[in-house]
Structure formats: structure tokens, C-alpha cells
Amino acid sequence: MVSRRSLLQGSTAAVGFLATGRYPAEAQPKISKIAVNHQDHPDGDERCDNCIQFQPPDACKVVEGSISPQGFCRIFVPKRTPT
Amino acid sequence: MVALAALLGAGFLSRPAASLPLYARQTGQPCATCHTAFWELNPFGRRFKLGGYTLGGGDWKGPPFAVTLQAPTYTHTEAGQTGGAAPHFGPNNNFAFQQVSLFTGGRITDNLGAFIQGTYDGVFRSFAWDNVDIRFANSVNVDGHNLLWGVTANNSPTVQDVWNTTPVWSFPFIRSELAPTPTAKTFIDLVYAQQVAGLTGYAFLDDLFYLEFGGYRPLSNNTQKALGINPTGQSPINGVAPYWRVAVEPNFGDHSWEVGTFGLASKVFPIGLSGAGTDSFTDIGIDTQYQYLGDPHTVTARVAWIHENHNTSASQTLGLADNSNNQLRFLNATLSYIYDKTWSFTGGRMSIGGTPDATLYGTFTGSPNSANWISEIAYLPFMRGGPSFWPWLNARIGLQYIRWDKFDGASTNFNGAGRNAHANNTIFGYVWIAF
């Protein structure tokens, strides 16, 4: 029978192995492009460099990878225009 | 025992709120980024959860709290319930302040986050801890393949799941606490919610393949009491109950489709009695969920089927069951159409059936069979953002109708007192607010 102690120990070991493994870890998991249906071309006037999450020159706060300023995805939120 | 555990837990197991404004504040995203209609998750929401609730992006500097209210609610059954729908309530046409929940959690570190809920139940007038899911998650690149992996500590089997087919997060997302519910249910269907501590590890490879495995152990009676749970009559797990989840979710354009399986197995002490050994159960679920994520049209189809094999030899020895073995089969199939993230229309079918055992279920017919049709219309005015004075306000205002074909084994006279299944047909109106 697996005890809770052994279960916890096993999980801790797994966490330790993965955390110190040879593969570089990202600081914070972002969301994949496929999950937001990202495209490299705009949708009308809606494009990534008009989105509140865009980080110039080619990144997004929430979507992983290189992001084209002319791109577009499902979670587009327009920047607030000053009033 | 299942029925007894279900009844004892009913006060705390009604569906909690989600679509948390604290996550909206953390990410700077409106509710519609993660949800089709709260609280159903879309692909983004699923990955936010699998990522440990850690994703940032917002400029909120305040404390990470959110509140949900299920109030007011109105419950009407086709015929009144003798003796009252619940203590302090009349037989029919009851208004209630059903629930208020306080949430905290979100990002704790870059890789550690949480969903922590406490709920005051306004029907049963009690406070208890509710759903808890604390995660460590990370993402690595393995020879060109993206691997999102994590560990979750949680308190209810399937609370950690990201598809809206498994019991904790399945439709209906809100239900009346003052309407009759069938006696029989499978063990994985919230019987152990808030009574256990679980630890599972998961991996999500290339945004496609999902694998999770772990186990659950019962909490001590004193721990449960301290957390507001009444342990009387529970059938506690003996040792560790393994839990598993396997799924594949291909996404293509505006389409997201999941097919998977999940399950829980354990030996249990019937209503806590150890004199005759243990019963055992194995619940195996198969599920699929399809989402069309267009604008303004969204469609979700969800189907879950659970088979339970329940060895009741210890219960039989104790005089708590007629048979030494029983089976249950559960189906929940629903279809939702959401227009412009604002209007939600859902229809569905639920059925549960299995071997008769009058002593185990305690029903007049001895049969666990029940079946209903459900329909719901809901208005969600703030999925794209709330009013300017509080943009994180969200609300779901709905009207739900449940029509029972069969209840506790019969269409007519299911309780021996002449009550028909249709007498339990329920109209449920609700206002559900999150802020």
C-alpha cells in the first residue's frame, strides 16, 4: 500500500528532478498560440500592437513566443484610448 | 452509503462559483478570455489553470480576493415537498440567499498559485471550506516539444480538472439546494468533496496530450470539523484512492475537441464501520467535449459517462446492502449555445441507473434509476467587462427547468406515498454575481 508519506516523498523527488533538470524552464508559463488561435495577420483594425497585452517589439504578456505586431488572436483587448 | 454520504454532504456540495474576478484583475483580462460563459472554461482558461493560476498581465496591486453571491434564488417544484424543502423553508415557492463564497489565491510565485474557496451556505446556515486547488506548475522544452507539467494539492476528485465534463465543474453550473435530488450517485460525483486531501501530478504535452495521476486520502474527523464539514455517516477511504485522468485535446482554428477518460478507485469503510472489512468501488469515466469558439457564436457539447462497480460485501455483512455487488451507470450530456458571450441557452439529459438494492439505497422501489431533461437560459451582461466603476463585476442571471422522467426508480409513486417523478419538476431562477 502506498502511504501518504511515500506519495509525498515521491512527488517531491519528481518536482526536484524536473526543477533541476537539463531543460531550461520558463519563469512563468504563458499560454500557447494554438490555445488563442493566433494568426500573423490582423483582423480588420484589430492587431496585436493595438492590444493591451502587447509588449514591443515582438512579445505578449500572456501568449508565448515571438508575436508579430500585425498579428491577432482570440483574446484581443484594445488599448484604452486617452480621453 | 453513497446516498447517505451524498445527503450529508449536500449542504456543502452545491456548485461553487468560478470565473473569478481576482484572476481577471491578475491577468488584466475580461472574464470572456478564460470562459465561454462563466464558469465553463475555453482553451485559454484551461491553460491558465494548468499553468498554476500564475499568469500575470494585469496592473492590479490590491489583495487577491473575490466574492460571489448566489442570491436571490427562487425554487418552484411541480408539487410541494411535505415538511418543507429544507429546515426553515416552506414546502414550495422558496426564495433563498443560497450561497456567498470568498475566494483567494491566484499567483503566489512565478510557478505557484491557488484557487481557494470558503462558502457560507444560506440554506443550511453553515460555513465550510469549499473547493481548494493549489498548484506548482512549470513549462519546459524537451527536444522541441513543449511540456507543461505540474503538481496539484486539492480537496475533491476532479476539482483540478479543466474540462467541464467531470463532476465538480459539469453542467448545471448552479443548481437549487431546495429541489429534490436523486438518492443514488457515483462515488466520484462529489461524494468525497472536501472530505479528502489529494495530490496528483500532471503533464500536458504539446498542447495536446494530457496525463494525470495521483491519490486521495481521507481527512481526520477533527480536521473536517475544524473546516466546517460534518463527518457523520461518511464512508471513508481506506488508505489511498488512486485517481487518474487521460485526455487528448486537439485545437484547430475555432474548434477545440477533447476526448478522455478519468477515474477513481478505493476500498472504503461502510459508514465508517470496520467490523466487516471494506467495500470497494471502481469508477471509470469516459468523456468528450467539443467547443466552437466563434464570434459571436459559441457552441459547446459535453458528454460524460461513468460506470461504477461497487463491491458491497462488507455492507452486506453489516446489513447495509442486499447484494454483495452493485453497479451504477451515469450519463450527463449537454449542449450549449452562447450568443455574443451574453446569452446562454443549454439543454441536456442526465440519467443514472443500475442494479436494485433496496437496503443500500433506502428507496421505496429499491432501484437507483433516475433520469431528467434540463434546459436553461442565462443572461451574462458583463463577460466582456463590468461597468466603469467596477470593471471586474460579473453576473449570470438564469432560469432553469428540470423535468424528471423517473426518480428513485419509478415514474409514478416512487416514494410509496403516491408522489410521481413529475412532482419534482423544478423551476429555478437565480442571480449569481461575482466581483
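Residues are numbered from 1 along each chain as its sequence is written, while chains are lettered from A and ligands numbered from 1 in the order in which they are written. In this predicted model, local features need pLDDT of at least 70 and side-chain atom pairs count only at pLDDT 80 or more, whereas totals for chains, interfaces and linings use all residues.

Chain B holds six helices and 19 strands, where helices (H or I, at least four residues) and strands (E, at least two) are DSSP runs numbered from the N terminus. Its C-alpha atoms occupy a box of roughly 60 × 45 × 40 Å along the principal axes.

Chain A comprises one helix and two strands, in the order α-β-β along the sequence. Its mean pLDDT (the predictor's confidence in each residue, from 0 to 100) is 74, with 63% of the residues scoring at least 70. Over residues 1–25 of chain A the pLDDT is below 50, and this stretch has 25 contacts in the model beyond near neighbours in sequence; a contact requires C-beta atoms, placed from the backbone, within 7 Å.

The table lists burial (20 or more other C-beta atoms within 10 Å of a residue's own, placed from the backbone).

| Chain | Residues | Buried |
|---|---|---|
| Chain A | 83 residues | 24% |
| Chain B | 435 residues | 55% |

Among contacts between residues at least 6 apart in sequence, 64% in chain B join residues at least 24 apart, and the corresponding share in chain A is 67%.

Conventions. Buried ≥ 20, exposed ≤ 12 C-beta atoms within 10 Å, placed from the backbone. Contact = placed C-beta atoms within 7 Å.
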